[in-house]
Amino acid sequence: MGEVTLKPKFTFHVPVEMFNVSPDMFSAKTVKEIGELKAYEGNREKKLSDLFDIEGEPGGKPEEVTIIVKGDISKARRLGKGMTAGKIVVEGNAGHMVGYGMRGGMITIHGNAGLWVGCKMKDGVIEIFGNAEDNVGGSLRGEKPGKGMSGGVILIHGNAGAEVGRGMKGGSIIVDGDVGPLVGVDMVGGNIGVKGNCEGKAGARMKGGRVVICGSIPEILSSFYIEEVRESIKVKPEKFTGPFYVFIGDALADIKCNGRLLVSINNNPHLKPYEKFLE
Amino acid sequence: MSTFTLITGRTLEQGRNLEIGKFSKGYLNSAAVCEMAKEDMEKLGIKDGSNVKVKTAYGEVVVKAVTSASTTPGIIFIPMGAWANMVVNPNSQGSGMPTLKGIPATVEPTSEQISALEDLISMFHKKPIKIDFSQISPPGSTSTASGEYNFKDVVCCFCGCVCDDLEVVVKDSTIKSVKNACAIGMAKLLNYNNERVYKPMIRKNGKLVEVSLEEAIEAAANILINAKYPILYGWSSTSNEAMRLGVRLAELVGGVVDNTSVICHGPTVLGTQQVGVVTATLGQIRNRADLIIFWGCNPLHAHPRHTVRYSAMAKGWFIKGRKERKIIIVDVRPSPTSRMADLFIQVKPGRDYELITALRMVIKDHTIEAEEVAGVPRDKILQMADMLRSAKFGALFFGMGLTMTIGKGRNIEEAIKLVQDLNEWTKFVILPMRGHFNVAGTNAVMAWLTGFPYAIDLSLGYPRHNPGLTSSTDILIRGDADAALIIASDPASHFPQQAIENLTRIPVIVIDPRWSLTSTIADVIIPTAFVGIEVNGVVYRMDGVPLKAKSIVKPPPGILSDEEVLKMIIKKVEEKKFGG
Amino acid sequence: MEWIIKNGFVYDPLNNVKGEKMDIAIKNGKIVSLRQVNEREAKVVDASGMVVMAGGVDIHSHIAGSKVNTGRIMRPEDHYKVYMRIMGNIRRSGSGRTTPSTNIIGYKYARMGWTTVIEPATPPLKTRHTHEELDDIPIIDKACFPLLDSNWFILNYLEKGEIEKCAAFIAWILKAIKGYAIKIVDPGSAEAWGWGKGVGLHCDEPIPGYNLTPLDVVKGLCKANQILNLPHPIHVHCNRLGFPGNYTCTLETMDSVSGLAKNGLPSIHITHVQFTGYTGESWASVGSGGEEIAKYVNNNKHVTLDLGQVIFGEATTMTADAPFEFTLYHLSPGKWSNADVEVETSAGIVPYKYKRKNYVNTVQWTIGLEIALLVKDPWRVFMTTDHPNAGPFTKYPTVIGWLVSRKAREKTMETVNKRGLRKSALPTIDREYDLYEITILTRASPAKILGLEKEKGHLGVGADADVAIYNVNPEKTDLSKDYKELVKAFKRAAYTFKDGELVVKDGEIVKHTYGKTYYVNCRIPRDLEKLIVDDVKAKFKEWYSVSLNNYVIGDEEVRSLKPLEVESSLK
């Protein structure tokens, strides 16, 4: 009940703008009306029915709508833009900017997602079973710190790329795999938990919030100071078990050093020299 | 097998030979090369000058191993080009800039041969045409002008230095001699007719067939109009006037317009977008700077006259020469330029960000806990910071060493912030070492016409910009584009192979005076004239100073300028879209 | 193409027309008398119930050049939400709110009925770039002012007291880079900034390295301007811009050239006076110096000024006052750009937001309006927002609303910082501009002070057919009460003509055209010119990093160049 299925009519080659595919845009519409919604295939203005076989019956309100995309939409852009409730499930790869500016509801991607997952997200849940690329939960270029994700939860079961949580203000991002460099760059609040390794430059210029690395990291930025050792930490909705070195920083972003960078002790023996700064 | 860190970049020989001819033996000998430290070669039993296979997670290539004092144990160097692109990391980390430096690689001796240029891309979807240059003869000179002309203040058309003091002697419509140019500029001016294209062509049944200009224009217009997401890429060797037309064309066909800064100083734009940029024109630096830093760049090879004309060695109004300046060089290896350093800092590949962070901390008088950062001992960092703060006027020049390594745009952001921080103490500026001739000008044109300087997506009818998404590198690597117009550049030689593979799957139009690797897989080829040799045009130097490149010889018969060809394509597209 | 604009209420101060119902005829791009037009064949615009005036003239707006472009590049976020789509073969695309791209600039000015805009600050070495951008701005006519106050040639001549050589050099450089007038910005500070100094340079403080003060520079350049008979007075951005208490600098600067007025013409134009109109000793006590400045201007006829009116919201400050921008970067941490230009000048850019509840921003907001309402002679005050420093030019209709309606001002004053309001006389001012005065402020007087009153700023025979028709009925609308109608009418003109072509209809672009670029060709004696060129040649190689031959801009390089021929008094 309330389910609408979308099946790509052909293999997309060029980018497909899917900003109208959301429970909010589908609710209380007939399949025909949904088919009339605008989409773009590259520079061609299209209707959703040009690009997808659409079946089902959406609910009357967004929270009563589940959209299931059967197939690969790795060329998609802005799927679920601004949605406030309801569900989207993609049985394959989703494209870029999944859940742009999302305010509620849930998006589940069974495959991989591209760049800017949950860009400027305000609330809701995004779960990626595969990998995500760069700038998860991030702000847009030129925006000042704090314009990224401000609420909600992003769960990535695979790996994520560079600049996870860039400019983040609130909410949680949890990555089961590894992350690229610059996780938490420009963040002012929120939590990021990484179960795997980090390529480096973690917590760069953070003013607040927490970054937790359970795996290894090659070097800690010298704008961080070691403060203490901690056994575990909650990154909602999960709990991470250390023990962790806790670094405060980033002194170059804010001398008050309200940001916290937690790094696994066991997986980072090369960081032992820092222990001499602990009383 | 021991893992090395692979760096790619410019060399003087690669640059010079590129101008002499991309399909020449000289170019292959200078670009299909892997520079290694003597100790590393000995450990692996590799003879100097023998072939080796370099392997990374992204591909493999056979090149010639040579001993070089400009590298360091653990680091290998392959000059930029199609051979390097077989093994570089296409991942741009969402920045548009693939990772062309700092790639883990293995090296082993091999008996395999080095591939010729076009053979490198012969395994992809479209077979590259093999060009028989012996069959191509120039159609004779257009000009009936005889006699000798001595042109002064000629604007060079090779690199971002845009030296405007060249003296060129033209006799019987041919350039006979060049004074004041560097080796590469001279090579360009004396060899520009090599490997030249003289007639428009269309690819039919795997062969390139000569056609009339009208037919080629019609084919180009059709390709672009039929495309749902075309890219219009290159631009950096042509004039601002041509670039303006390029933006108009991209807007008309709803495509992505982008220039070579995407693989050069695009990350500098990304850094500027976050924090701004504090800079000055080259004359200001020459006149006043008593401290010069070269970070991640090798001007002696990539911008050969830079140190003499604008920076380290130059005679300024207040600062009279090298003796009154201090030079700091930061690099992952002892580059040829590093020999002029008063202080040489060898930084670990991919850790420039960490080093800049430490410098910024020290300059603000914060303590740093680590004894070594980015492979640099703390004392040396303190020493460098001291030199920076006590300069009267410092200038930081930087290049691909910062833009191409991990961190990308964030590296530049930090370098700019370092300079901004230093302005609390003294006068300091930063300037990117722009590579390609008019890359700065074409960035500027795109910025004033669309609001963004590169990677502009006009597919929805208005400008959108988001490198990673709208960058032509990533677009090609993902296979998002369904047509390409390539002008004044050679992406098949300079993009990672994953991008080239997808380029061979789509219709390609090439507008260029010479044969390039991209031409070998093109569907439409339209030859044009050289800006700065045969055609006038406005170009910008690396510091944004606008100069007028001039025509000093006439182009061959039937060869038009980029501007004229673009105007014809635009007219054809407008006719098809809006009616006569 | 011939047009007749029928039945509109025409406002044409330069020809003393105060809202009479008149027909205006257009032929071959010019205003002609009705007799010269074939009434049967001419196209007709029914302007009944509408206001007709000459196209607006903006005397100071940063629309083109290197720093404007750097502003665009460093502010991609300014471009995400404000953009224009391509529309068929008629309109081109673009983006940007406070740093708009070129097509947007031309279109949005034309949509408001503005047809001539001056780029007030270009560094000579990079002016080729300025002309390229100006060339790509559609519809409007334009000109640019070269920055000359920190130029090594000029400083050297002035230091030696060689005013005539200085004047000759100015004539040479105006021709060499196709410039229109002498621009002075925080004089001497850019030279000091070459060594990282110059922040808050006082009018009477020596410029580092020179035996000159900023006021010496102002006086010297004023004299040179008079000798050359240039159409526009020296255009001056006073020292200590942005510093509390700086209104005294403005007074001193105006006073320094009070004796130099010639033929009853103003000898100095003070630009964006709001920014140099502060009382107080610190930001905590800053107040409006508007009354003092207005008093001086009322008593001294040698001064003209433009407002630099603050608009609440996002702005991008960009100015040749580079040391000031360094200061602003500290006051408002965020992005900061700087670009020194060898031998000549510098520039700084800092994004900024004017907030209603902010005490200082409220004081700043009051000053421009206060001065406009206290200065009695509307012919010596021009409306600007120093785009994009105090606000984007697209907000001009809002400023007009504030000028014509006390109610409009009160509405805004309800939302701002109350303490800030107390530092200004604005709340006590009742005066309301009428439409005639608005016409003076926005087209007649700027055209006159630029020396373009023959063809711009009026609708008499011989003028360029640059016409704006606004859908507001002065007989039916009480501007004071219903100012919103006036603001709406000015936001989107009913019709805009440029050189006799209809470019805007019902507030939409209907034709993409290009205007012309004015520059001043000032004739000086041959032998003096040769002397100057020899002087320049001798020093050029040592000072500059380009060749003199490549510095000079050729006539063919600009799309449509129009020289204003001027004869200097030099012998």
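**Entry 1: chain C against chain A**

I looked up the area that chain C and chain A bury between them and found about 320 Å², with 55% of it on carbon and sulfur atoms. Buried area here is the accessible area, taken with a 1.4 Å probe, that two parts lose on being put together, summed over both.

The model is predicted: local features need pLDDT of at least 70, side-chain atom pairs count only at pLDDT 80 or more, and totals for chains, interfaces and linings use all residues. Residues are numbered from 1 along each chain as its sequence is written, chains are lettered from A and ligands numbered from 1 in the order in which they are written, and side-chain values use heavy atoms, with hydrogens and water left out.

I then listed the residues in contact (heavy atoms within 4.5 Å). Chain C gives five residues to this contact and chain A gives five. I searched this interface for salt bridges (a side-chain nitrogen of Lys or Arg within 4 Å of a carboxyl oxygen of Asp or Glu). The rule finds zero of them between chain C and chain A.

**Entry 2: chain C against chain B**

Here I found 60 residues of chain C in contact with 63 residues of chain B. The two chains bury about 5,200 Å², and carbon and sulfur atoms give 51% of that area. C:Glu132, C:Trp195 and C:Asn550 supply 13% of the area that chain C buries against chain B, more than any other three residues.

I counted four salt bridges between chain C and chain B. B:Arg244 forms a salt bridge with C:Glu132, and their closest N and O atoms are 3.8 Å apart. The side of chain C that touches chain B divides into 20 nonpolar, 21 polar and 19 charged residues.

I checked the radius of gyration of chain A, taken over C-alpha atoms, against the globule rule of 2.2 Å times the number of residues to the power 0.38. A compact globule of 279 residues would have a value near 19 Å, and chain A agrees, with 20 Å. Its C-alpha atoms fill a box of roughly 70 × 35 × 30 Å along the principal axes. I found that buried residues (under 20% relative accessible area, 1.4 Å probe, protein chains only) make up 63% of the 279 residues in chain A.

Terms used: Buried < 20%, exposed > 50% of the residue type's maximum accessible area, 1.4 Å probe, protein only. Nonpolar A, V, L, I, M, F, W, Y, C, P; charged D, E, K, R; others polar.
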